[in-house]
Amino acid sequence: MSDVVEKTLTALPGLLSLDSQTGAGKLSSTSKLGNLIRSITELTSKHDEEKLIKRELVAIKEQVSSPNTTMRQMKEMMVRSIYCEMLGYEADFSYIHAIKLAQQGAGLEKRVGYLAVSLFLNENHELLLLLVNTVLKDLQSTNLIEVCMALTVVSQMFPKDMIPAILPLVEEKLTHPKEIIRRKAVLALHKFYLIAPNQVQHIHSKFRKALCDKDPGVMAASLHIYLQMIKEGAEAYRELAGSFAAILRQVVGGKLPVEFNYHSVPAPWLQIQLLRILTLLGKDDQSTSELMYDVLDESLRRAEINHNITYAILFECVKAIYTIHPNAELMEKAAKCIGNFVLSPKINLKYLGLKALTYVVQQDANLALQHQMTIIECLDHSDRIIKRETLELLFRITNAQNVTVIVEKMLAFLRLCHEDYTIMDLVGKVAELAEKYAPDNRWFVETMSTVFSVGGDLMPPDIPTNFLRLLSEGSDSEEDDRQLRVYAVESYVSLLQTDPTHLPQRFLQVISWVLGEYSHLVDVLSPSQVIDLLVPLLDRPAVTSDTRSWVLSAVAKLGGGACSGSVVDGSEGAGLVQRVAQQHSSSLDTQLRQQALELLLLSRDPQLQARVLPRATAGASLEVDSSLSFLDGFVSEALARGAAPYKPPHQRQEELRQEKALSLEPYGLSLPISLSSCSIADRQSPTLLSISSGLSGNSTELLHRAGSGSLRLDGVKRKWGKDGYLAQREVPEEPSTPQETSTPAPQPSPQQGGALTPPSAEPSEEERDKQQLASSLFIGLSSQNSTCLMGKPEASSSQRFRRKQKNTDSASSSSGSSHSSRGANHFLYSSLLEEGPVSPIMLTQNSVAQPKHKEANSTLSEGDTPFLPAANGIAEGHDPEAPASLMLANEALSSAGGGARDSPSLMGGMELVQPCPLTPDPSHRSLSSHLPPELQNLPCSDCASLASDGCLALSCCRVHREDALVLVLLMANTGGATLLDVSVELQCPQLKVASLRGNALESLPSQSVSVCWYTLLMEEPHTHVEVTGSLSYRKECGASHTPDISASHTLDISTRLSLAHFLRPLVLSTEEYGKLWLSVSQDVKQNIQLLDPDRDPLRSSLTALQDKLQLHIVDIIGSEGIAACQLLRRGPCLLHCRVHAGVLALWLRSPVPGLPDGLLYHCQRALQER
Amino acid sequence: MIKAILIFNNHGKPRLSKFYEHYSEDTEQQIIRETFHLVSKRDENVCNFLEGGILIGGSDNKLIYRHYATLYFVFCVDSSESELGILDLIQVFVETLDKCFENVCELDLIFHVDKVHYILGEMVMGGMVLETNMNEIITQVDSQNKMEKSEYPATAQGFIPTWLLFKAGQPDAQKVSVLLVLLEPLLVLYQQ
């Protein structure tokens, strides 16, 4: 009966609206929508549909804005608007009415209003503010449905700034008698936690109450919050592991009411959730893991019903078992489970089985071996997703021996693939494998060519860049490099000769760069021939202007070669170049035109060309000061005059936006909520350190990373693989033998591959093929060397195309090279002692400090890669003067100290060390024995070479004294003659140098070392300062004994010191910190990238900062941490860090102007280098 | 977290779309199209999981779908959801719909988009699974409908007089009173 009434009531407004269409009012609300839908389905073309809906929207618009429209009509029209929006037609006029409906409507209308709002708006929409009041009202309503609706809309979206307004009300609902309300309130708080974690920090105890709620539903809802919080930092919740395990035990044991069962499995989703939480908690923590062994065991045992959902539970169990601290018995069971998955005829389970295998294969390669035949079958599976997952698995087990087969499979898949995302992902993986394990040059170049042509323009740009970098940097062996380059040139020439039309742009760019750079290596190829091949590309319409400019650059390089070549060829080549340049000098593309005009000029003036594009120095190093460090002085001057520190544009914008926005937070919590999410790379500080690299171009970053990365990993026990915890018991074997061999053993080992295949009496042809494939795929994956897989991600020793900088670990080879380079006496690098602050120390000779100087003979030795120059083939090859200095770059003193200049116990600050036998044995090279005792136990940096010539080598190290930085200079007489009147002078305008002159020495006998030192203090914060000076001496002429005759020699000294060297930890309590924080004014904020964002990023980032910058970590609370340090004798600097949305929001304060900015810069660098 | 829930038919016509993360209007439509494109190509005897496209966001996201007669139900989820768990959640969702609409078919979804949304709202809230028990979901939806209805008389009473006052000032007031007289017995009937 009530149905009839309702229908009548529905019709009522229509009847009463008294307009001309009283008759139409009889149609119920659904039929209007029905009409719309019906007419849409009748249409055939998209165009008609668009027209119809536009018309419909106009009609709705008219009606909603009329004042006579009732709520009921409004509701009906909202449903129609929702329908139109779902089809993709904007109905933004109705948004405000949706809010109105939610506000004014009652019952059903309100529900439609809220629904429309949650579908139309997003949390940044400005209209949402209008909803806040409605939500407030409804939360206080006595009508449970209204409360529910309000909570639902809140958990879908709510303006972040308005959370404080409704938070107390939502919190109140946690104690509501109705279970459903409590549950929704918990989820609403979860939403708040996601968008503004610091707002709900104070109610953590209430979350815990929700976890202990008597209703299992509320408890289950609270798990969402816990999962999220534990993901962000498991440490704080470890003590809850027991409780979670107990809950799971009860659930598994069937203690829940029977209505929680799903297909007679007790609360499966709850189980899954709990297993995930336990997994996170047990990761890397043995005692916590032990709490859950038995419940995991029970879960495995209970989940035996053959239903989808039990497999879901099993899968989570398996993942948990392989993630937490290993337990052999459980692992065995889990392995059996994985087997069941993989062998299952159900395709979903097979997929999950493969996923599980991929997950565990780095710990237990045997498992992959056991299932190799299944894996082979999956490779040819009709389902592409299965294939894709199999490739993922193969990617993990790739080694030098099976790389060709695996890459071939991947490329075959790629050729048939049409999904952009998959292509992008897989292409990157192929490139990675090719670079790591390529068996030979031919294969490598061919594989990369396929990658370029298949990947096309979807390819991430770093793949071609890396490839070119690899070509230009070369590896250890010159001959290898040459062969690789020659092969690349040859293959590209033949590619261009056939048909270049189908090649993607990126590939064309790579080709033109390689040809421009290296075609001269191939003797039979004349530059004009290559130009002939390249020029047609310029005329192709499909070639983009970007590519054209690559081609033109190549032509320019080749043109240089052509002109300096033989006369006949030269004129011919030049003519061709001129023609091309002429042709494009009127191009509409300005960049192209400029290039063409430059080329035109160059081709007319061979001398200029020879200067601009010098042929001989193709591989020599160019010093590029990409960081504009020569402007440092200017910048610091400007800062000193009170200029605002530089902020990148987007940060400025963000700040502007923030200022505009209303701050609705209470003052106490004024933490940076949404700072700009700029990464470190975004902030191009003008004071980046200058690096001169051995390469032209922008490879400095890489050089940097490679250099520091490879060193630090030495001797570090690898506990974590790419995908999780590597079982302890398997760690002891370091990346092992089969990969160590630089020449891969290609012979397949049939007994190994075939060992575990099911014995079949008469294998069919197909079967045999598969077995063969298996043996080639799983080669190198036997039980005894399974551990090598773990080393894989870092197995730099097995990498074929090693970059030179990574070579620091092969001490023998570099010492060998210095042996051969010169002289009987050399210093052995004695320790890889890594000291905190980064210290780029320029190895300069005869003042090359000016960045304009693009001299090849200036090389840079990084504080942490002292081997670089020696290992650097290019530098050795092209720079005859280098060896002497390089040899000294190798000199490292395991520890060194220095005395304070003003210490009374020392005379003159200079000490003559008696000639000591400079044996290559590192144990004799401890220089600390020569130094005054008071500095010996202080932390100090490695010794880095400053300057040297044939007779005298000067190196320095920093000693971090409590009250100052001590710069210790070591002068080693490496020549055969005694040096006379040695004197050192140091100056630096930005520093207070405690002992500026003196340090004179009458004579320095051959083969002896003398030490002098300075105490330095930084008066005003600078990110870096340049300390310059000179050392002069005269050489004693051994034969004639007439020292006066020999001329005076001068060595220029130049070293850079960073702000970090002048920082010392400041030990504070949290209260003191709080007081100090409020009392200081200079502050800087910035978001920077986190270190390993997956697990405890805050702690690891802070620890990194502590190591690098000598901070004192005051406290870490939740996702926030505070630290403090002081600039020597100047003042403190306080850091506040907060992890927010995957970035580290740094906030620095200090009473010293400029200090926060400088420190921020170093923080960025410190994290960047990790 | 569940990023989006999409229902479309075999021709790619959207029947329901609910996003738990904010995307622009255009992106949402593109996601629907791309998802349909990916899902519709799949045979019947392949697995129910797919990698998300570029739009729905990289390797962390998965599409989990089920195909029922003319409709595809697709859940876009991130790695914190269990694949098989979601697969069964879709099953629960469809069974619930079936119970609510009594033999649910595509037309039910078309004409009662709002109701489908309410049912979904009881299962998934803000991208988080709220309830997985079918009976519980139906109880909640029913109780809402019931409570709304029981409120009606009160609303109607409060609503008509003011509305009347407003209309009374207009020329056709007479007509209105006539109508009200006609309606009165109905209201009385209903209140009983």
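Student: At what angle do the axes of helix α26 and helix α27 of chain A cross?

Tutor: This is a predicted model. In chain A, α26 covers residues 478–498 and α27 covers residues 505–518. Their axes come within 9 Å. They cross at roughly 125°.

Student: Is α26(A) roughly parallel, roughly perpendicular or oblique to α27(A)?

Tutor: Roughly perpendicular runs from 65 to 115 degrees, and roughly antiparallel needs over 145. The crossing is at roughly 125°. Therefore α26(A) counts, relative to α27(A), as oblique.

Student: Is Tyr89(A) buried or exposed?

Tutor: Tyr89(A) sits in the loop between α4 and α5 of chain A. Its relative accessible area is 8%. The cut-off for burial is under 20%, so Tyr89(A) is buried.

Student: Which residue of chain B is Tyr89(A) in contact with?

Tutor: Set aside the neighbours within four places in sequence. Tyr89(A) then touches residues of chain A including Lys46(A), Ile53(A) and Cys84(A). Its C-alpha atom is also 8.3 Å from that of Glu50(A), 39 residues apart along the chain. From chain B, the contact is Glu25(B).

Student: What percentage of the residues in chain B is buried?

Tutor: Chain B has six helices and seven strands. It holds 192 residues. The buried share is 57%.

Methods
Residues are numbered from 1 along each chain as its sequence is written. Chains are lettered from A and ligands numbered from 1 in the order in which they are written. This is a predicted model: local features need pLDDT of at least 70, side-chain atom pairs count only at pLDDT 80 or more; totals for chains, interfaces and linings use all residues. Side-chain values use heavy atoms; hydrogens and water are left out. Axes are lines fitted to C-alpha atoms, for helices over the stretch in contact, and angles run from 0 to 180 degrees between N-to-C directions. Helices (H or I, at least four residues) and strands (E, at least two) are DSSP runs, numbered from the N terminus. Angles under 35 degrees count as roughly parallel, over 145 as roughly antiparallel, 65 to 115 as roughly perpendicular and the rest as oblique. Buried means under 20% relative accessible area, exposed over 50%, partly exposed in between (1.4 Å probe, protein chains only). Contact means heavy atoms within 4.5 Å.
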